[in-house]
Every structure is written in C-alpha cells, then in structure tokens.
Number of protein chains: 2
Amino acid sequence: MMKVTITDVAKKAGVSKTTVSRIINHNYAHTTEETRQRVLDVIKELDYRPNALAKGLKSSQTNVIGMVLSNLKNPFWTSVLEGVEDATRNQGFHLMICNSDEEPEKEEQYIREFRMRQVDGIVINPTVRNPDFFRQLVDSRYPLVVINRKLPGLNVNNVVINNVKGASMAVRHLLNNGKRNIAAVTYRNEHVSTWKERIQGYRTALLDSGYAAEDLRIVEAEQDSGKIKEATLRFLREHPDTDAVFSTNNMITLEVMDAIRELGLSIPERIAVVGYDETVWAKHLNPPLTTIRQPGYQMGQIATNMLIEAIRTKNETEPKQIVLEPELIVRRSSGAAE
Amino acid sequence: MMKVTITDVAKKAGVSKTTVSRIINHNYAHTTEETRQRVLDVIKELDYRPNALAKGLKSSQTNVIGMVLSNLKNPFWTSVLEGVEDATRNQGFHLMICNSDEEPEKEEQYIREFRMRQVDGIVINPTVRNPDFFRQLVDSRYPLVVINRKLPGLNVNNVVINNVKGASMAVRHLLNNGKRNIAAVTYRNEHVSTWKERIQGYRTALLDSGYAAEDLRIVEAEQDSGKIKEATLRFLREHPDTDAVFSTNNMITLEVMDAIRELGLSIPERIAVVGYDETVWAKHLNPPLTTIRQPGYQMGQIATNMLIEAIRTKNETEPKQIVLEPELIVRRSSGAAE
DNA sequence: TTGAAAGCGCTAACAG
DNA sequence: CTGTTAGCGCTTTCAA
C-alpha cells in the first residue's frame, strides 16, 4: 500500500498538481466545475490525504499549538486542558501537550522542541524559574500565552484567576459565619504567585477586619504526601482554639479534613472548612465541602483563543492581561446557616 | 529576527549542509573533531534549531504519536494520559492528543487528521462504533494500539484491564465479609465492553457461590448527573434487605454513597460499599472507600511502548494482546475486619 | 482557466 | 573526511 501524493491525483485526473492544490484549498481561481468534480472524485477514489508536513514546510504554518502543563494529577488542570482542547478544535487547530512536572529544565527543553516542530504557538503554565529564557522567547515574538501564573516583569499575554479575591472571599465567608480563629494551610513554595496571592488574600481579609498581624495563623508544609496532614495535626494540637481552616488547594483540603477527623473534631461545628478548587467529589464529602470554584475550563479556552488570535495577526497586537473571577460555592462544611 | 536554517550554519562554518546534518544527527562518518566543534559553536551562536517538518518530510517519520481519548473528566483517564505522556517522552517522541467525547464521527475525523499530519501511530480508547473504519485502518498497517476496550473480531494491538476479574474480586470480598444481598450499580450502555464485563464478573461471582440468576440485583441508569442516585434510592427503598453495593465506576460510587446517606443507612454496618477505580479521594471519604484499583498509568505506558515498538519495526510483528490485572484495596466501607 | 518551475529545509546516495 | 546533487510533497509566482 503505497502513499498517494498530489502527483498521483494530478496524473490520474489528467491535470497539474497546481490545479489539485487549488481545489483542495478552495483557491479555485475559477476552476471549471467539471474538472473540480473530476479531481474530487479521484481524491476520493485514491483516498488521498494531503501531507500536512509538506504543506507546513511550504507555508510555514502548521496549525498546531502546544501546551506545557506542570501537573496532570490535579483535576483542576484536567479542566484547563479540556478548555484548551475544545478551543483548539473549534479553531481547526491541533494540540500537542507535554508535562514539565514543575521542572525548569524540562520546561525549557519542551518549548525548544515545540519550536523545532514549527508549532505555531504555545499555552503554558510556567514554572517561573526560567526568567531569561522566557524573556528571549517573548523578544523573538513567538506567540505565547501564559496561564494561571504571572511572569514578573514580562509584557506577555496572560490569563489568570484572581487568587487574592478568591482567598479573601473564603475568609470573609468564615468570618460572616462567626468564626474567629481562622488558619490557612498552604504549600511552601518560593516561586509561584498562586500561593503567595492566596495567602495574601487571607491576610488582607483578616487585617481589614481588624485583626493584627500576630493573629494570622499560617500553616506551611512541603508538597509531599502526608506532610500537610502532619503539619495540620501539630498546629491544631498547639492551637486548640482554632475554629476554622482555609485550605489553599484541593489536595491540601483532603489532608486537612483527615487531620480534623483524626482529632475527633466535628466539621463544621467545632472547625469549619473552606477549600480552594471545586472538584467532582467536593459535594460528596462528609460534610459537603464549601469551595472556591476556579473557572479553569474558561481559562484554557480564553487563553487558546487569545493564542490563535496572536498567531493569525502574526503576534502584532499588544499583549493582553486577563483576570478571571472565582466563585464561592457554599455547602455545609463552612457552617453557613442553611 | 529571521529564521536560521541549516544553510546559514553551513555557510558561517564554511562547510556543506551535509556535514552540518551529519553532526546534528550524530552520523559523524569520522568528522574531524575540529570541524565538529566549529559547527557546534556556530549552531550555538546562531541559536539554530533544525526544522522538524523538513526532517519529517524527508525521512517520513515525525516521532510524534497521537492519542485519542474519549473523556478527560474522569481521573482514571488522566492517569492513563500520564502514562502515555511519560512513555512518549522517554522514547524521545512527542504527543498529540484529542478527545472524541465518545462520538464516532469525531473519532474518525481525528484519526484522519493524525494521519495527514504524518503522526507515526496512535493509541486509542475507541468508541467501538466505527468497525469498518478500524478494519480499514488495521488493513493499511497503520501502527495502532487499542486500549481499555476490545474491538470485536479485529486482530490488533490491545491493552486492557481484566474487568471480569476486578468485579468478581469485589463481589467475593463482600461475600467473605458476610454480605448476602449484593446489588451492582452500572451505566446503561450497549457498546462498551468494560461495563458488560464488570457486570459479568458480578454475575459469575454470585452464581459460583450458589446464587440463582433471580437473586442478582442489577441497578442500571443513564450516564447523566443525578440519575444514578435516583435509581439507587428507588432500588434500596424497594429492596430494603440489600446489605451491600458494588459500584462499577468512580462517579457512580459518589452518587451511590449519597443515596445511602440520604436514607440514613450506615456504611458499612447496614450497607457495605465497594467501588470501581481507585482515586485520590477514595481514602478520604467517610468511611474510607474499598476500591478496585486499575493500573491506568501502566496501561498507558505499556500501550505506548508497544506502539513505538510497532513503529520501529514498521508494524511487522504480530499484534499482541495484553491483559492487566486489577487490585483490591480494602478500606472501611466494605466492612472488613480490621 | 490551467500549467511549469522554483523552492520550503532537510537527508542520503554517490563522488571525490 | 567532506561536498554535490537530487528529491521528500506541497504551494505559489509567473506565464500561457
């Protein structure tokens, strides 16, 4: 079974390659309806599929975009990926993905490889530890959209979710429910804006309500199975007057709830809980979990459309920054009056 | 900022394109260390990145594989994707993905597009509703690995997980824990082998233990938010002697547990539960959930390695069928003695 | 309305 | 050890 090329089609239809090409690409500079039909028939008969590589080589556009994500395990990222995938299709593009695993070396290498493959542009959740490389990338005018995190000092297309707002919504909600000693639990991470912003939201909400800096209760632990639970246990034992916990991520929430259960404290009566990230399982937990919903799907979709827009305009429009708003989903775990 | 090509490098280094090509691809038919170094320096200086399109066009291999999955929302598929992604990288390949959403038309179109893009082969969870198309695909000797489901009557590379075994393990475990009236909850779906096999495993386990066909308790509902919960509620009300539920999928499990809670029945004392699919949240449910763990990551990994093997051997080896074994993870929800 | 020919960037005989 | 040359399959002037 040999490969069938445009030449085969041309020969069999008794026309030139040019004509075939024009017909395929709807550049019919007034081709006769008759030849058009003949060529189309031959194409079907031979089951001809144009070689996208050759086309891309010639036109230096591949209609493929790349996505670099950093973590597939977290369902938040799955929904982002879905948004990217859908938007990609709707625009007639294809999607290549790879996973940096939060490692800057991988991130850099994968981007290089995307460029070698002539991928038209990329959507990325950056590790934020390759500042020079990204500066170069932006300078080279390679179409790029950064999502979920910010790249300090770089004027680049960016779609993020308002973390300060989300966190402070969560904390204010707890305050409104009469909670007074609210702890925040988070990963220790120097680089990533996300965490810093959520903690900042927690801080602002409390300070605005008249708390002093010393009243803040911030629990930090490594991003490592079990560490968060340990840290939470230790903290709750040392600060038994804590009456609410704000958790900054969906995986953290699960460990926090385990810790509370292990201490035999009831949720929400003794300790209220609000988690970051809405998930499929949140409403099925016991008690159902109050969460901050992040529009991940939308973020993916918007970023992709932005990227493709940039590709179409040869990246000549000024970079845009978009901030999406999170949403509070109230369930029983936060002790709200029903 | 112009694109730099192999010609630029050759010119600047004062050698021919051939030499540069050889050096890049480590085909140094004894190139002088000196010229090698010089060329390498120029490559770095010019920040030359070979155009993979041109290379692919010439060598008619792109080192890209495609994956067609049918559902990104379920975390089981995320772990499969991870396995595929990792294996792809480890073999120096790249990955393109798309989502058929269980729609046969999309599935077919995406595969066609993969082939146009000269993707070297694909891994797919098929909708099983394109039998003719797949037969053609196999006949054309296009490298292909089918995962998770079986394509009846087609001799093709296949990696699946033993569903009959998994289901019967779950049911036997419940029997061993003294449960006698075990219901199975599942989606209604004509096409997909997965569910039929899980129900078959349930059936076999019970029949083998001396139950009659009339004793089977199979609850079916549409795959639609809330339907499963409704159906479960109805069934448990009509059959109050039911003392255990085997759920055939992780999403179903969540709804089943909701239903049981809504009826005020304790898990596992009054009703024991075993769920299909291990998830991050299973051990954090209340009570922690006994599950059947499916080696999804491995399935992805093995399928990918198989595919790349097929690509390397030009698909000349006989198709292989691999069946992976699931594993029972015992937690409190099934009422096991600790 | 159609075709001939050049060339996208790369690799691989074949020659030297 | 290195270079010349001929394509891979397609698009696109330019000419007919």
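This dialogue reads the contact between two chains of a predicted model.

Visitor: How are residues and chains labelled, and which thresholds apply?
Guide: Residues are numbered from 1 along each chain as its sequence is written, while chains are lettered from A and ligands numbered from 1 in the order in which they are written. Because the model is predicted, local features need pLDDT of at least 70 and side-chain atom pairs count only at pLDDT 80 or more, whereas totals for chains, interfaces and linings use all residues.

Visitor: Which rotation superposes chain A on chain B?
Guide: Copies are superposed by least squares on the C-alpha atoms of residues with pLDDT of at least 70 in both. Here a rotation of 180 degrees, with 0.2 Å of shift along its axis, brings chain A onto chain B at an RMSD of 0.3 Å, so the two copies are related as by a two-fold rotation axis.

Visitor: How many residues of chain A are in contact with chain B?
Guide: Two residues are in contact if their C-beta atoms, placed from the backbone, lie within 7 Å. By that criterion 37 residues of chain A are in contact with 37 residues of chain B, and the largest share of the side of chain A that touches chain B, six residues, comes from β2(A).

Visitor: In which sense do β2(A) and β2(B) pair?
Guide: Strands are DSSP runs (E, at least two residues), numbered from the N terminus, and two of them pair if DSSP finds at least two bridges between them. β2(A) and β2(B), each spanning residues 94-99, pair in the antiparallel sense over two bridges, and Met96(A) has Met96(B) as its bridge partner. Of the residues of chain A, Met96(A) also comes closest to the rotation axis, at 2.1 Å (C-alpha).

How values were computed: Helix = DSSP H or I, 4+ residues; strand = E, 2+ residues; numbered from the N terminus.
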